[in-house]
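Keep the viewer open as you read.

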Amino acid sequence: MIKLKSLSKSFGEIEAVKNLCFEVNKGEILGLLGENGAGKTTTLRMLATMLKPTSGTAEMGGYDIVKDAEKVRSIIGILFGGETGLYDRLTVAENIAYFAELNDMPKYEIKRRVEHLAEIFGMKEYINLRASKLSKGMKQKAAFARAIVHDPEIMLFDEPTSGLDVGAIRDVHDFIRTCKDEGKTIIFSSHSMSEVEKLCDRIAVIHKGALVDIGAIEELKNKYGNENLEEIFLGLVGGKNEF
Amino acid sequence: MNFKYVWIVLKKELKDIIRDKKTILSNILIPIILMPVLFSVMGGGIKKLEKDMSENITVAVSEKSNDENVKKILQDEIFAQNQNIVLQGVVKDPVEAVRNGEVRFVVEVEPDFEQKLKQGKPFEINFIYNHSDTKANGSFQILMQAVEQYKQKVIMQRLQAQGIDPEILQPVVVKQTNAADEKKSGNMMLMMILPLLVAIIIASGGIPAATDLVAGERERGTFEPLLTTRPDRMSILLGKYFAVTLFSFVGLISQFTGMFIAVKMNPQIMGFGASGEMGGIYIPLPALLLSILILAALGMVFAGIQLALSTYAKSFKEAQTYMSFLIFAAMVPAYATMMMQPEDFQTFMFAIPLLNAIASFKTILGNVINYTNLFIALASSVGYVIISLIFSASLFNKEKVLFRS
């Protein structure tokens, strides 16, 4: 489970994230919805311990992101949008194994896990090919495998579908659903209403770093008396949008 | 920090670098191949230049001196001992003939030289040649030797004619004894060139790896996932740091391998233009070990700075620009001390970064070994390694630097 406790981050004068307080239950997908620059990436970077909060903190699976940063990193998996972030000169297996090693998995376990992931993601044919030789779709699958090689209990997705074509987007969605089926706790940041509506149990709308509202999709629709999530979102962030 | 993670990162980085054909080609293969090729071309050029200087020295007489007696004294007396000096015709315009390269020298002899010779008076010989021509300058020395021999011969004849012992012209006989350490003079060229080369190679050797390992990773999007793995940043940084250090040493070794092959193939290249020839290197074992340690420390200092610059740079290209400044910074002390003799280095110089390694290297090669100075160099180098690492680590831990774009 994830618990944000007055999580805040400033970069000089700019308050990128203001006093965020919410929880994500075990096995739940929470959609983090906001415009570009709303503070989604900064929030996820703090939860992943890449950035230190200016004030407040968060608990990830019971570990504090400031005090137990290393333990937090050992139970999270991350998938970013845009570049898949694979090492081109390493094979798919080596890419996955490198992250497994860094996450303290024993050697015999790594081999077994890589084989298993190659099987479930259909990567057997190219598991020993260098990443530079792969298509974008193949790289995407390798990045999925790498993100979950250490079987993390929490997954953070930062706009994972940005810049992808329809087929690749569907693969990402399927992957997120698989993670949910495995009981992982998920935060999924996006600015696409349709995918948030399709995947998330609850959504948290943030605007200029602050939490505007949080709740289950149906709950929000009833609350604002509108079936259109996009209109609800625009109403919450002041009508200006970048969609 | 956990050394297990340092080792994992180091192993991966080395595997990654070894598979990068571009880096292997530029840092390992090209130096090994290029140095011998370059030295062969240079050696060939030097050989040809030496040959051109000493063979077929063409000398013409000016129209003013177009006289059989002039030609006779030149051919039968002055140039008689030098088969490679060729007397070649008459030219109307000496300056033009030299400039056009028709002949290398034009000679003019005073018209009344025979009379003056008989009277025991000096006569004038004027050599017209292009002073900016390297070959002509070299050949002129040979002409001067010929003239000098002729002068000696005439002096002897004159003294003997007057019944005077020629020894009267030699009140003092000068003898020279070389007090220099033979080992030292043998390393003269090495003393000049090696410290310069080492400083530049060490400053530049780790650049491809350092640029790729942080700025490159960030640009390719592999950096953020790496930061979300279990190891702390110091472990990641150290893994990368050792990879850069190791790679800069591999670069240095390949440069030296290339140079060794080149010198073996063209031994004359090191001796050219120097009084001492290149001889064997005689370095006592403790001094050799100290020099290796000082060199290793210098490599580590540069690796730290290179990683810091790579961390600070917003992009791969920006990192490359910063790195080129680093090479210039290394070149300044390297060139400034190129002509310095091992005895010229003062103790404080062994505590100045980079200069300490150059000074140590020079004094060791010059066999002017002062172990106190070497230990000062080593201790200060270790200090600079720590400072460069702290600098690098502080940037690596700075969010503003790490995530700036």
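A:Lys184 and A:Glu182 form a salt bridge, with their closest N and O atoms 3.5 Å apart. This is a predicted model, so please read each distance here as a computed value.

Now turn to chain B, where B:Glu13 pairs with B:Lys12 in a salt bridge whose closest N and O atoms are 3.1 Å apart. Here both B:Glu13 and B:Lys12 are buried. They also belong to one network, joined by salt bridges that share partners, whose members are A:Arg89, B:Lys12, B:Glu13, B:Asp16, B:Asp20, B:Asp212, B:Glu217, B:Arg220 and B:Lys240.

Which two residues form a salt bridge with closest N and O atoms 3.4 Å apart? They are A:Glu70 and B:Arg230. A:Glu70 lies in helix α2 (residues 69–74) of chain A, while B:Arg230 lies in the loop between α10 (223–227) and α11 (233–265) of chain B, so this pair joins two chains. A:Glu70 counts as partly exposed, with 34% relative accessibility. Over all chains, the count of salt bridges comes to 37.

Let's move on to the strands of chain A. Strand β1 (residues 2–11) and strand β2 (residues 14–24) run antiparallel and are joined by seven bridges. If you look for A:Leu4, you will find that its bridge partner in β2(A) is A:Phe22. The hairpin made by these strands has two residues between them, and A:Gly12 takes a positive phi near 65 degrees there. Most residues other than glycine have a negative phi. A:Asn19 is placed in strand β2 of chain A and counts as partly exposed at 49% relative accessibility.

Strand β6 (residues 76–80) of chain A is mostly covered, with five of its five residues buried. In a regular strand the side chains alternate between the two faces of the sheet. In β6(A), A:Ile76, A:Ile78 and A:Phe80 point one way and A:Gly77 and A:Leu79 the other, and all are buried. A neighbour to pick out is strand β7 (residues 154–158) of chain A, which pairs with β6(A) in the parallel sense over five bridges. Within this pairing, A:Leu79 stands opposite A:Phe157 of β7(A).

Leaving aside residues up to four places away in sequence, A:Met60 touches A:Met1, A:Ile2, A:Leu47, A:Ile65, A:Val72, A:Ile75, A:Ile76, A:Ile154 and A:Leu156.

Helix α3 (residues 92–102) of chain A is another mostly covered element, with 10 of its 11 residues buried. Among them are A:Val92, A:Glu94, A:Tyr98, A:Phe99 and A:Leu102. Which elements cover the buried residues of α3(A)? The cover includes α4 (107–120) and α5 (136–148) of chain A, together with α1 (3–18) and α10 of chain B. Just after α3(A) comes A:Asp104, with a positive phi of about 70 degrees. A:Asp104 is not a glycine either, and its place is in the loop between α3 and α4 of chain A. With a relative accessible area of 29%, A:Asp104 is partly exposed.

Let's finish on chain B. On the surface, B:Leu25, B:Leu29, B:Ile30, B:Ile33, B:Leu34, B:Val37, B:Leu38, B:Val41 and B:Met42 form a nonpolar patch, with about 800 Å² of accessible area together. B:Ile33, one of these, is found in helix α2 (residues 21–54) of chain B and is exposed, at a relative accessible area of 53%. Elsewhere, B:Ile352 lies in the loop between α14 (316–336) and α15 (355–365) of chain B, and B:Ile352 is partly exposed at 33%. B:Ile352 and B:Ser381 are 29 residues apart in sequence, with 8.6 Å between their C-alpha atoms in space.

Terms used. Residues numbered from 1 in each chain as written. Chains lettered and ligands numbered in written order. Predicted model: local features only at pLDDT ≥ 70, side-chain atom pairs only at ≥ 80, totals over all residues. Heavy atoms only, no water. Salt bridge = Lys/Arg side-chain N within 4 Å of Asp/Glu carboxyl O. Helix = DSSP H or I, 4+ residues; strand = E, 2+ residues; numbered from the N terminus. Buried < 20%, exposed > 50% of the residue type's maximum accessible area, 1.4 Å probe, protein only. Patch = residues over 30% accessible without salt bridge, like charges linked within 9 Å, V, L, I, M, F, W, Y side chains within 5 Å. Areas by Shrake-Rupley, 256 points an atom, 1.4 Å probe, with all protein chains shown as cover. Pairing = 2+ DSSP bridges. Contact = heavy atoms within 4.5 Å.
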